[in-house]
Amino acid sequence: MQIVKILVVTLFLASSIKAQKIELLTKQDKISLRGLSVVNDSITWASGSNGTIARSINGGKTFEWITVKDYEKRDFRDIEAFDANTAVIMAVAEPAVILKTTDAGKTWKKVFENSTKGMFLDAMNFDENNGVVIGDPIDNKAFIASTKDQGNSWQEIEKNKEDTIKNGEAFFAASGTNVKQLKDDKILYVTGGTDSRLFYNQKLYALDIIKGEESTGANSVAVNSSQQNAVIVGGDFKHDTVSTKNCVLVNLHTSLVFSLPKTPPHGYRSCVTYISKDTLITCGTSGIDISTDGGMNWKLISNESFHVCQKTKKGDAFFLAGANGRIAKLSF
Ligand SMILES: *[C@@H]1O[C@H](CO)[C@@H](O)[C@H](O)[C@H]1NC(C)=O
Ligand SMILES: *[C@@H]1O[C@H](CO)[C@@H](O)[C@H](O)[C@H]1NC(C)=O
Ligand SMILES: *[C@@H]1O[C@H](CO)[C@@H](O)[C@H](O)[C@H]1NC(C)=O
Ligand SMILES: *[C@@H]1O[C@H](CO)[C@@H](O)[C@H](O)[C@H]1NC(C)=O
Ligand SMILES: *[C@@H]1O[C@H](CO)[C@@H](O)[C@H](O)[C@H]1NC(C)=O
């Protein structure tokens, strides 16, 4: 019996370290992609600089590249797609705008605009119809607005004294994944810069992650589907091969329990995503790592640079996007 067990474990290990395949699907020179949203195994949208949107409805076999008219100079740092025709995109600053299409990107309607100086939107996240957008602090308060109708209308959330952000502490607009819309109207976010903290249950918690510079701190957070566990990644994008203090694991109990990975990701990482109960992928400019134990140990699977990685909301497909308009598919 014992021998059989050992055999099974060995086989399992052998199969779990089999090579993952990264297939480059498309590219577009000088376009930086940081927004990615995968609706199902066939529908993928990405967004980025120079007013650019990419859309595939055949699982990434072909992409349609769209430049949003009158927004050719804007950087769409995040996108959320709801189906083949419907998506919202976020342009960061001056004015900060959110646009929505319901005709596959042919026309876009402005659903949010704010031209306040200093306004800089960083990321959006949705749970079905409910969504949140987060922007850099103005007067030491994060800018947060919410929607209940897939982004048709947005309401700014009133600020409270529990979430005062320090000078030089802000949000990275690296991959659209540092804020999460949780169930029960709650939100969770991570900050970076002079300090790096986690906001959860109306409180800010210090993170044991590299901080102190404009280029340091948490970039992305993944929350498991039962909202009990979170994995946070980041680091220093100016020193992107350094692996110290670039990842924190959080148990989201009433009193939070923080821990550090045994083998951290191999460098600065801008995005982290769950692909199943215990398996996560993280990516950044210095490569891609996989963890099969909830974030405790990370294995480098590629040295290729990507800014953002997303699993499909329904199905198995997994995509990455990054500099030079590169979109890739990761298969296991
Ligand atoms: C994805 O969703 C679209 C529209 O809802 C549907 O037509 C298509 O069959 C779906 N594809 C997969 C692979 O689920
Ligand atoms: C994107 O915009 C930048 C700055 O406006 C410009 O230098 C660059 O050539 C544009 N890239 C493409 C591919 O149009
Ligand atoms: C824009 O955002 C700022 C900062 O939160 C707020 O004070 C202002 O009322 C907003 N303006 C509009 C037009 O919504
Ligand atoms: C989320 O994480 C907790 C704690 O590790 C685990 O007990 C739970 O099963 C996870 N939920 C899902 C849906 O994976
Ligand atoms: C990444 O690059 C290092 C150094 O060049 C090399 O040793 C390693 O095999 C590469 N890893 C992968 C997964 O490609």
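Tutor: Start with the words for the elements: helices (H or I, at least four residues) and strands (E, at least two) are DSSP runs, numbered from the N terminus. The model is predicted, so local features need pLDDT of at least 70 and side-chain atom pairs pLDDT 80 or more, while totals for chains, interfaces and linings use all residues. Residues are numbered from 1 along each chain as its sequence is written, chains are lettered from A and ligands numbered from 1 in the order in which they are written, and side-chain values use heavy atoms, with hydrogens and water left out.

Begin in a loop. Pro-95 is found between β7 (87-91) and β8 (96-101). A cis peptide bond joins Pro-95 to Glu-94, with omega about -10°. Most peptide bonds are trans, and most residues other than glycine have a negative phi.

Two residues go against the phi rule. Asp-185 is not a glycine, yet its phi is positive, about 65°. Asp-185 is found in the loop between β15 and β16 (187-190). Now we need the terms for accessibility: buried means under 20% relative accessible area, exposed over 50%, and partly exposed in between (1.4 Å probe, protein chains only). Asp-185 is exposed, because its relative accessible area is 51%. Asn-201 also has a positive phi, near 50°. Look for Asn-201 in the loop between β18 (197-200) and β19 (203-206). With 32% relative accessibility, Asn-201 counts as partly exposed.

Next, turn to strand β15, where Gln-181 has its place. Gln-181 is buried, because its relative accessible area is 9%. Its side chain reaches the backbone oxygen of Lys-186 at 3.5 Å. That brings in polar contacts: pairs of N or O atoms within 3.5 Å; within protein, one must be able to donate a hydrogen and the other to accept it, and residues adjacent in sequence count only if both atoms are side-chain atoms.

Now step into the loop between β14 and β15, which holds Gly-176. Gly-176 is buried at 6% relative accessibility. Gly-176 and Phe-126 are 50 residues apart in sequence, and their C-alpha atoms are 11 Å apart in space.

Phe-126 leads us to the rings. Rings of Phe, Tyr and Trp (its six-membered ring) pair if their centres lie within 6.5 Å; planes under 30 degrees apart count as stacked, over 60 as edge-to-face and the rest as tilted. The whole structure holds 10 aromatic pairs. Phe-126 is buried at 9%. Trp-154 is buried too, at 11%.

Another edge-to-face pair is Phe-172 with Phe-237, at 6.1 Å centre to centre and 85° between the planes. Phe-172 lies in the loop between β14 (169-170) and β15 (179-181), and Phe-237 in the loop between β21 (229-236) and β22 (247-251), 65 residues apart. Phe-172 counts as buried at 11%, whereas Phe-237 is partly exposed at 40%. Back at Phe-126, one aromatic cluster takes in Phe-82, Phe-126 and Trp-154.

Finish at ligand 3. A residue is near a molecule or strand if one of its heavy atoms lies within 4 Å of it. Around ligand 3 are Asn-114, Thr-116, Met-119, Phe-143, Glu-156 and Lys-159. An oxygen atom of ligand 3 is 2.4 Å from an N or O atom in the side chain of Asn-114. A polar side-chain atom of Glu-156 lies 2.5 Å from an oxygen atom of ligand 3. On its own, ligand 3 exposes 360 Å², and the protein buries 47% of that. Such areas come from the Shrake-Rupley method with a 1.4 Å probe; for residues, only the protein chains shown count as cover. Asn-114 itself lies in strand β9 (residues 109-114) and is buried, with a relative accessible area of 18%.
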